[in-house]
Amino acid sequence: MLVVQNVLAQRYADDIRFEDAMNTWLAMSAEAANLGDVDHFVEGFIGIALLLEVVSDHQRALQFYQKGRQHYENISAKQLKLRLNLCEVSCLISLTLYEDARQLLADCETQALLDDGFAHAYMAEIYLYHGQICRCMGQVDTALNLLEKAKKSSERLRLKWISNKINLELSLCWVLNQQPKQAIQLLQQTLDDVRSLSLPLLK
């Protein structure tokens, strides 16, 4: 039941039915609490936080990530722990809390290297967030180097969702480096990739 609720909430979110998605995640968390299922309890908080980030309410999103963190030691799935950390890192960057984000990224890197099956995917996201922080702090050349590393890691697993995020960040760096033509070309290519997904949320 909890698995079905989680998937249903994700599909509601994809279909821009944010209220239905939030209510489903809240119901899932409540049911998970009754069953003592910490992983799905925390999954609900992550889902709600991501919805809040879609509408740029990063401060409230951070509160939900922190609620999930209160149960961190009892989470059984290592990948869920890492997902919680990476989601919180992204939120911290949006709130310009760069030092906090960097500290959490150091923990993420240690966790990612211990996961042989998904290490490349996680490292791509970690390099991306390090690159975002450097770009925001005016260290554009360092950011570009990190984003190239992110791109190589993502290409090994052909992960479109992370590749598109990397492309967006690369385009911002190229604009700052006075290379607008390259940025426009990359954004046009990325836009075509996103359109091919045909998700209502992206329209």
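Which residues in H5 meet which residues in H7? In this predicted model, Gln79, Leu82, Leu86, Val89, Ser90 and Ile93 in H5 meet Tyr122, Glu125, Ile126, Tyr129, Gln132 and Ile133 in H7. Sorted by class, the residues of this contact divide into 8 nonpolar, 3 polar and 1 charged.

Let us look at how these helices lie against each other. Two packed helices are described by the angle between their axes and the distance between the axes. Helix H5 covers residues 78-94 and helix H7 covers residues 119-136; their axes come within 10 Å and cross at roughly 15°. Because angles under 35 degrees count as roughly parallel, H5 is roughly parallel to H7. The crossing of H5 with H7 is left-handed.

H7 also has a contact with helix H8, residues 140-157, and here the axes are 8 Å apart at an angle of about 165°. That angle makes H7 roughly antiparallel to H8. H7 passes H8 in a left-handed crossing. On the H7 side, the contact includes His120, Ala121, Met123, Ala124 and Tyr127. On the H8 side, Val140, Thr142, Ala143, Leu146 and Leu147 are among the residues taking part. By class, the contact of H7 with H8 has 12 nonpolar, 6 polar and 3 charged residues.

| Pair | Angle | Axis distance |
|---|---|---|
| H5 and H7 | roughly 15° | within 10 Å |
| H7 and H8 | about 165° | 8 Å |

Methods: Residues are numbered from 1 along each chain as its sequence is written. This is a predicted model: local features need pLDDT of at least 70, side-chain atom pairs count only at pLDDT 80 or more; totals for chains, interfaces and linings use all residues. Side-chain values use heavy atoms; hydrogens and water are left out. Axes are lines fitted to C-alpha atoms, for helices over the stretch in contact, and angles run from 0 to 180 degrees between N-to-C directions. Helices (H or I, at least four residues) and strands (E, at least two) are DSSP runs, numbered from the N terminus. Angles under 35 degrees count as roughly parallel, over 145 as roughly antiparallel, 65 to 115 as roughly perpendicular and the rest as oblique. A crossing is left-handed if the near helix is turned anticlockwise from the far one by less than a right angle, and right-handed if clockwise. Contact means heavy atoms within 4.5 Å. Ala, Val, Leu, Ile, Met, Phe, Trp, Tyr, Cys and Pro count as nonpolar, Asp, Glu, Lys and Arg as charged, and the others, Gly among them, as polar.
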